[in-house]
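The following note sets out points for a colleague reviewing this model. Please read them alongside the sequence and the coordinates.

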Amino acid sequence: MESKELTKLGILKGLLEKSRPSISALLPKHLNPERLIRFALIAVQRQPELMECTSTSILNCVIKASELGIETIGPGGMWIVPFRNKQGQREATPIVDYRALMALVRRSKEVVCIDVGVVYEKDSFDYQQGTNTNILHKRYLGKDRGEILCFYAFAKLANGEVKAEIMGKDEVDVIRNRSKASAVGPWVTDYTQMGKKTVIKRLCNYLPLNEYVIQAIELDQRLEEEIGIDDLIGEAVEVKAIKEPQKKIATPADDTSDVPPMRQPGDET
């Protein structure tokens, strides 16, 4: 890593460490702020475009993850994706993973479980809607399952009631085409995951929602409406689970006195 990048990484690390009390205050008590900060730094190291983003915008992504109670940066948590803002500046943007959205739904005491699936041409699928909603999906075990037919999501409530939503691929594509970023980014690189998130959000219309889910859906909707193809700089980089001790990140610029002040929780990210 070049000395300039090490300097910028050092400033970012210093800013995140300085903001640790705020991050910790926002996170639920059972979650670890050190883990969130570590994953954010790893994401920045693995994606060169993020090194060009403002440190404040990266911090704001971490703050947003904290507000939602999301501890992981990457799969199952919060993605950090570099975009250009209206001033042409590179800015980190938070995108909630569909698995994180399901985890947020599960926080409601009224939701016992929630799941999502994708049906392909060679799968066996049966859906019954009425007084006794029932979904039966048997996956084809061969290598080629054919084309995607539909996406479905269901949730079981504490009172025993089952809520379900099914969207054909054509319905999901209608939602995709409304997005300014339909031809770039996650809709292109991770279509299946975006389809899953779309049907989960539709299902949420029939579920008792907590404030975390509402915030996550509002954030997602705002990004779909505001970010377009000309704004994208790079793609989200997968941050795999850390299983071994990590090397200490060099921080030649630990002095953060010249770093812009942190935006307060609740500000626009």
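1. Helix α9 (residues 191–203) has 13 residues and spans 18 Å from its first C-alpha to its last, close to the 18 Å expected at 1.5 Å a residue; the expected span is 1.5 Å times one less than the number of residues. Helices (H or I, at least four residues) and strands (E, at least two) are DSSP runs, numbered from the N terminus.

2. The model is predicted: local features need pLDDT of at least 70 and side-chain atom pairs count only at pLDDT 80 or more, while totals for chains, interfaces and linings use all residues. Residues are numbered from 1 along each chain as its sequence is written, and side-chain values use heavy atoms, with hydrogens and water left out.

3. Helix α9 is largely enclosed by the rest of the structure, because 10 of its 13 residues are buried (under 20% relative accessible area; exposed is over 50%, partly exposed in between, with a 1.4 Å probe and protein chains only). Among the buried residues of α9 are Y191, K196, K197, I200 and K201.

4. The largest nonpolar core has 64 residues, of which L16, I23, I73, V96, I114 and I200 touch the most other members. Such a core is a set of buried Ala, Val, Leu, Ile, Met, Phe, Trp, Tyr and Cys residues joined through side-chain atoms within 4.5 Å. Leaving aside residues up to four places away in sequence, I200 touches Y98, L101, M102, I114, V116 and A153, where contact means heavy atoms within 4.5 Å.

5. How many aromatic pairs does the structure hold? There are 3; rings of Phe, Tyr and Trp (its six-membered ring) pair if their centres lie within 6.5 Å, and planes under 30 degrees apart count as stacked, over 60 as edge-to-face and the rest as tilted. The pair of W187 and Y191 is tilted, because the ring centres are 5.9 Å apart and the planes stand at 55 degrees. Both W187 and Y191 are buried, and together with F151 they form one aromatic cluster.

6. Strand β3 (residues 111–120) has 7 of its 10 residues buried, so this strand is largely enclosed by the rest of the structure. Strands β3 and β6 (residues 148–157) run antiparallel and are joined by 9 bridges; two strands pair if DSSP finds at least two bridges between them. Within this pairing, D115 stands opposite F154 of β6.

7. Strands β1 (residues 78–84) and β2 pair in the antiparallel sense over 7 bridges, with R90 of β2 as the bridge partner of R84. The hairpin of β1 and β2 has 5 residues between the strands, and there G88 takes a positive phi near 85 degrees. Strand β2 (residues 90–96) is largely enclosed by the rest of the structure, because 5 of its 7 residues are buried.

8. The structure holds 0 disulfides, a disulfide being a pair of cysteine sulfur atoms within 2.5 Å. C53 is in no disulfide, and the nearest cysteine sulfur, that of C61, is 8.2 Å away. C53 counts as buried at 2% relative accessibility, and C61 counts as buried at 1%.

9. P48 lies in helix α4 (residues 48–51) and is exposed, with a relative accessible area of 53%. P48 and P82 are 34 residues apart in sequence, and their C-alpha atoms are 9.7 Å apart in space.

10. For the protein chain as a whole, the secondary structure comes to 10 helices and 7 strands. Buried residues make up 48% of its 269 residues. Of the contacts with a separation of 6 or more, 69% are between residues 24 or more positions apart.
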